[in-house]
Amino acid sequence: MNTVSVRIDENLVSAARAAAKAEFRTVQGQVEFWAKVGRAALDNPDLPASFIAESLMSMAEPREDSTVFTPRSAAKA
């Protein structure tokens with residue numbers, strides 16, 4: 001992956017550092033995650049940001065750790 005250097009406000013980096021620690025990401029990974037969430041939110045203004053963030057996190061999980069979705073109607077049968 002190619003990388004570039006950018007200047008980011010120190011307060012944003014501090015917030016990313018704290019969030020990264022809580023989410024077990026690097027600071028760079030946290031800023032990238034926030035950028036992806038923001039971009040997706042702008043592209044999909046009808047979706048809540050929390051839904052977008054959770055969707056992106058679930059897409060990053062290894063497939064072998066996932067569980068198959070079973071609709072309630074199928075579970076009752």
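Me: Let's start with Phe24: buried or exposed?
Reply: Phe24 is exposed, because its relative accessible area is 79%, where exposed means over 50%, buried under 20% and partly exposed in between, with a 1.4 Å probe and protein chains only. This is a predicted model, in which local features need pLDDT of at least 70 and side-chain atom pairs count only at pLDDT 80 or more, while totals for chains, interfaces and linings use all residues. Residues are numbered from 1 along each chain as its sequence is written, and side-chain values use heavy atoms, with hydrogens and water left out.

Me: Where does Phe24 lie?
Reply: Phe24 lies in the loop between H1 and H2, helices here being DSSP runs of H or I with at least four residues, and strands runs of E with at least two, numbered from the N terminus. Its phi is near 60°, a positive value in a residue other than glycine. Most residues other than glycine have a negative phi.

Me: OK, and Gln30, what does it touch?
Reply: Gln30, which is in helix H2, touches Ala16, Ala19, Ala20, Glu23 and Arg25, leaving out residues up to four places away in sequence; contact means heavy atoms within 4.5 Å. Gln30 is buried, because its relative accessible area is 2%.

Me: What about Val13, what is it in contact with?
Reply: Val13 is found in helix H1 and is in contact with Ile8 and Val27, once its neighbours within four places in sequence are set aside. Val13 counts as partly exposed, because its relative accessibility is 24%.

Me: Which residues form the largest nonpolar core?
Reply: The largest nonpolar core has 5 residues, namely Phe33, Val37, Ala40, Ile52 and Ala53. Helix H2 (27-43) and helix H3 (49-60) each supply at least two residues of this core, and the largest share, 3 residues, comes from H2. A nonpolar core is a set of buried Ala, Val, Leu, Ile, Met, Phe, Trp, Tyr and Cys residues joined through side-chain atoms within 4.5 Å.

Me: Stepping back, how many helices and strands are there?
Reply: The protein has 4 helices and 0 strands. Its radius of gyration is 16 Å, well over the 11 Å that the globule rule gives for 77 residues, so the protein is more spread out than a compact globule; the radius is taken over C-alpha atoms, and the rule is 2.2 Å times the number of residues to the power 0.38. Along its principal axes, the C-alpha trace spans about 55 × 30 × 25 Å.

Me: And what share of the residues is buried?
Reply: Buried residues make up 12% of the 77 residues.
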